Amino acid sequence: MHEPLVPTIDFSPAKAQLSDVMDEVFHQHRPRLVSRHRGKERMLLVRPEDLLAMLGDHQLKVGAVYDGGEVTLRIPEMGLLGFGETLDEAIDDLLGELRVYAERYFDEPARYMGTSRAHHAATLLRFALAQEAEQRSMLGLDDVAPEPEVGSAR
Amino acid sequence: MRTPTWDEVREFLQHDRWTSDRRRSTDHDYFTKTLPDGEILITKISRSTQKTMSPGRFKAILSDQLRVGEAQFWEVLRTKTSAARPAPAPEPEPASLPLWLAHELERCGVTPTEIEKLDEPRAKALLAEIRSRPPG
């Protein structure tokens, strides 16, 4: 096995010095690998805000279907739909669906990682760790090409 | 396009052997189905049992969640047997606009009824036209 490039600590000392380890991860922003069984099993400790930055932007491709006095929002890649009689209602519903999906996904990751849903993990983790406003922004609501400022009323 | 009540969608799930999920929202129940290749399908059903839905919403449910065509959906209800997958005639995706575009049009005062009539090129052209108007 290659020498780990991320600071690594064995399980027993990590357990004994958990407070110091957490200080390093949280206050010094140092990710730590915790290793046991001679490196056969490892886990990564990282501050959630740092992980969010590492994950980068994950914009969801959302489509809006208007018909019959209803708005349906789609994330076809994930098979998620948000329903509403207005766009705002559908947005709230879709955000709720994403939260339920993220909860479901991380509750049983092995079930999803072995399917075509495996590549949803990073986006869902990004969504799950984000604040509510950031979660909304992942829907691409503000994804508008810059235009000259004009009056907003028609 | 004939659209089903939520009760009929629930009946479809029963014949198509979906599993009820412990997760529930205030007005919906969730169901999952694992296909033979391991693929996981997820859908949700409104508890407004007799309420129906718009054609666009039905198409989205068929194409994105149930993964069957419209005819196949009604065939499952008629024969009370599960659907074949991959679907012989998958439901085409419903016409949709990118969310940012729909949101921006609404922000500019375009009504949902007007947006409903627009495809993406026309929606973009309308937004550009609105933006090119002089302020005030």
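On the side of α2(B), the contact is made by Phe58(B), Leu62(B) and Leu66(B); α3(B) contributes Glu70(B), Phe73(B) and Trp74(B). Sorted by class, these residues comprise 5 nonpolar and 1 charged, with no polar residue.

Within α3(B), the buried residues are Gln72(B), Phe73(B), Trp74(B), Val76(B) and Leu77(B). Two of these, Phe73(B) and Trp74(B), also take part in the contact with α2(B). The cover over the buried residues of α3(B) includes α1 and α2 of chain B. After the helix comes Lys80(B), which has a positive phi, near 55°.

Aromatic rings were examined next. A pair of aromatic rings is described by the distance of the centres and the angle of the planes. A search of the whole structure gives 9 aromatic pairs over all chains. One of them is formed by Phe83(A) and Trp6(B), with 5.9 Å from centre to centre and 45° between the planes, and is tilted. Phe83(A) belongs to strand β6 (residues 80-84) of chain A, whereas Trp6(B) belongs to helix α1 (residues 6-15) of chain B, so this pair joins two chains. Both of these residues, Phe83(A) and Trp6(B), are buried.

A further pair involves Phe12(B) and Phe73(B). Their ring centres are 4.9 Å apart and their planes lie at 15°; because planes under 30 degrees apart count as stacked, this pair is stacked. Phe12(B) is part of helix α1 of chain B and Phe73(B) is part of helix α3 of chain B, so the pair ties together parts that are 61 residues apart in sequence. Phe12(B) and Phe73(B) are also buried. In chain A, ring pairs link Tyr101(A), Tyr105(A), Phe106(A) and Tyr112(A) into a cluster.

Also in chain A, Phe127(A) is found in helix α6 (residues 121-129). Phe127(A) has a relative accessible area of 2% and is therefore buried, the limit being under 20%. Not counting residues up to four places away in sequence, Phe127(A) touches Leu95(A), Leu98(A), Arg99(A), Gln135(A) and Met138(A). Phe127(A) and Ala110(A), which are 17 residues apart in sequence, are 19 Å apart in space, C-alpha to C-alpha.

The confidence of the prediction was also considered for chain A. The mean pLDDT of this chain is 90, with 91% of its residues at 70 or more. Over residues 148-154 of chain A, however, pLDDT stays under 50. For that stretch the model has 16 contacts beyond four places in sequence.

Methods
Residues numbered from 1 in each chain as written. Chains lettered and ligands numbered in written order. Predicted model: local features only at pLDDT ≥ 70, side-chain atom pairs only at ≥ 80, totals over all residues. Heavy atoms only, no water. pLDDT = per-residue confidence, 0-100. Contact = heavy atoms within 4.5 Å. Helix = DSSP H or I, 4+ residues; strand = E, 2+ residues; numbered from the N terminus. Nonpolar A, V, L, I, M, F, W, Y, C, P; charged D, E, K, R; others polar. Phe/Tyr/Trp six-rings, centres within 6.5 Å; stacked < 30°, edge-to-face > 60°. Buried < 20%, exposed > 50% of the residue type's maximum accessible area, 1.4 Å probe, protein only.
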